[in-house]
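Please keep the sequence and the model in view while reading.

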Amino acid sequence: MVSIDSTEPKSDALWRDLSPLMAPNSVAVIGASQRSLSALNREPRGNRVIRNLKNFGYPGRIVTVNPKYTEVMDCPFYPDIAAIPETIDCIVLAVPNRHVPDLLESAVNCGVRAAVVFAAGFAEIGGEGQERQARIEALSRERGLLICGPNCYGVFNVHGKAPLFASTISQGFLPGPVALVSQSGGLGTTIANALMINRRVGLSHIVSCGNQAGTTVEEYFNYLVEDPNTRVIAAFVEGFKHAEKLAAVARKAAERNKPVIVLKGGRSEASQRAAASHTGSVAGPADITDAAFRPGGIVSVRGLTEFIDTVSLFSSDGFVKKYKGGRRVGIVSGSGGECTLVSDAAVSAGLEVTELAETTKRQLQETVANFGNMNNPLDGTGAMYDDEKIFPRLLQALIDDANIDIVTVNLEANDPRPKELKSGNRFSAATEKAALASKKPIACFSSVVGGAIDPEILAPLREAGVPLMEGAECATAAIRNLAEYDEFRKARGAARQQTKLNG
């Protein structure tokens, strides 16, 4: 991935201020009603937005627009946007697509600066939908209206307690440093839940941007690069609107050491057709997209689990701070077969399964009696399960070995058996203890992908700065991604320093 472009970021004149959309002081919901709320999953989207805002303690003003009512869910109602006595920052449209262009035009005439449009039926369906989208694109372009959507779930500023979001948000939502941008609302919520539940990764924002008729992925990236609560930007994207802005924001992200991790859809002809019918996106060829990513250090991933694991790794502050660079991995497992598979996966990913130092081998011979395997990967065999002293010694040997940059532990965190029948909890407790004392980064991975992750394993490891990943292939790819990003940043720094020396 290493590619250097020492050009300074372009002027911030490229960018619009997204605050009215991402952190609004006031919100008007259009489309809420007094329909029965007995079945939450059938609740009107407008009501769901109001409920989300109230449940999360949104600090701004909430009003609603509907000529049929005077009040819903304790929010004042107005017959139309013009009747609202104060200027509203952002409107949320939970109405059929045919009403959207006129409502947006009325809103912008009343001084509204941002809008969230949930409805589908725009460019992705062609014909009439394309005409509707052209109208709202003109409002964004010519009048400066910030539009999230259409055909989206909306935006959720977690730390700002502003969920302008179409799906129900649970109160147990985990705040954190990762901002997630997704053109797909459904996939975005799937990724968000996987990160929070199966990786214990907290989120700063969720953006479901749909067709990008107004505000584009590049603009969201720029806002998040400047956001103090965001350290990692993760995105599922079908199509970019402005390549020149993508390059500029990538350079800015690199300057601020905020990794941008992208899962790009539309790499095949079949998926390009799917993207066109899903969000109306024109998904360019994969080789062109990857070439555009490299100069800015954007991390490109190829699959969903690799994406989730890479985000988990990059967002683990304790792990990243200990990582000093390098691709040499040390591996400990209780399965000889897994050792073979992990070695293949690591080499295939571009990592090094290096030979252990002679001092490490001697130490193992002295401290682990009758233990025959002195190679990397370290196979603990059945003895590791029978003698609780063996695993900590094997792990510490890898931590102390000068030939190892990153230590990895193969343990089963998604074993469905009762606790008394599985060993993962014991090994994870030993790993947690070692990680708290170690100056070298440690990561864990399960043998297989899928299944519920044991929270008693996951949460303590994450607290200790040990990210958990699933499957050798995705785990080693995630480590490779981190190594490449580190190499990119170091090469970029060296190039900038050389430019200064050359005057």
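A salt bridge here is a side-chain nitrogen of Lys or Arg within 4 Å of a carboxyl oxygen of Asp or Glu. The model under discussion is a predicted one, and by this rule the count comes to 23 salt bridges. Side chains of opposite charge can pair when their charged atoms come close.

**Salt bridges**

- Asp-102 and Arg-135 join their side chains in a salt bridge, with a distance of 3.0 Å from N to O. Because Asp-102 belongs to helix H3 (residues 100–109) and Arg-135 to helix H4 (residues 128–143), the pair ties together parts that are 33 residues apart in sequence.
- Arg-135 has a relative accessible area of 37% and is partly exposed, and a network of salt bridges links Asp-102, Glu-105 and Arg-135.
- Glu-306 and Arg-480 form another salt bridge, in which the closest N and O atoms are 3.6 Å apart. Glu-306 lies in helix H10 (residues 304–314) and Arg-480 in helix H18, so that distant parts of the chain, 174 residues apart, are linked by the pair. Glu-306 and Arg-480 are both buried.
- Glu-355 and Lys-361 meet through their side chains in a salt bridge of 2.6 Å, N to O. Glu-355 counts as partly exposed at 45% relative accessibility, whereas Lys-361, with a relative accessible area of 15%, is buried.

**Packing of H12 and H18**

- Helix H12 (residues 336–349) packs with helix H18 (residues 472–501) at an angle of about 35 degrees, the axes being 9 Å apart, and the crossing in which H12 passes H18 is right-handed.
- On the H12 side the contact is made by Glu-338, Val-342, Ala-345, Ala-346 and Ala-349, and on the H18 side by Ala-472, Glu-473, Thr-476, Ala-477 and Arg-480. Sorted by class, this contact of H12 with H18 has 6 nonpolar, 1 polar and 3 charged residues.

**The seven-stranded sheet**

- An open sheet of 7 strands with mixed pairing runs in the order S9-S8-S11-S10-S12-S13-S14. Strand S9 (162–165) and strand S14 (299–301) stand at the edges with a single partner strand each, and therefore one side of each is left without a neighbour in the sheet.
- From one strand to the next, the twist of this sheet averages 15 degrees.
- Within the sheet order, S11 and S10 are listed side by side; strand S10 (residues 175–182) and strand S11 (residues 203–208) pair in the parallel sense over 6 bridges, and Leu-203 in S11 is the bridge partner of Pro-175.

Terms used:
Residues are numbered from 1 along each chain as its sequence is written. This is a predicted model: local features need pLDDT of at least 70, side-chain atom pairs count only at pLDDT 80 or more; totals for chains, interfaces and linings use all residues. Side-chain values use heavy atoms; hydrogens and water are left out. Axes are lines fitted to C-alpha atoms, for helices over the stretch in contact, and angles run from 0 to 180 degrees between N-to-C directions. Helices (H or I, at least four residues) and strands (E, at least two) are DSSP runs, numbered from the N terminus. A crossing is left-handed if the near helix is turned anticlockwise from the far one by less than a right angle, and right-handed if clockwise. Contact means heavy atoms within 4.5 Å. Ala, Val, Leu, Ile, Met, Phe, Trp, Tyr, Cys and Pro count as nonpolar, Asp, Glu, Lys and Arg as charged, and the others, Gly among them, as polar. Buried means under 20% relative accessible area, exposed over 50%, partly exposed in between (1.4 Å probe, protein chains only). Two strands pair if DSSP finds at least two bridges between them.
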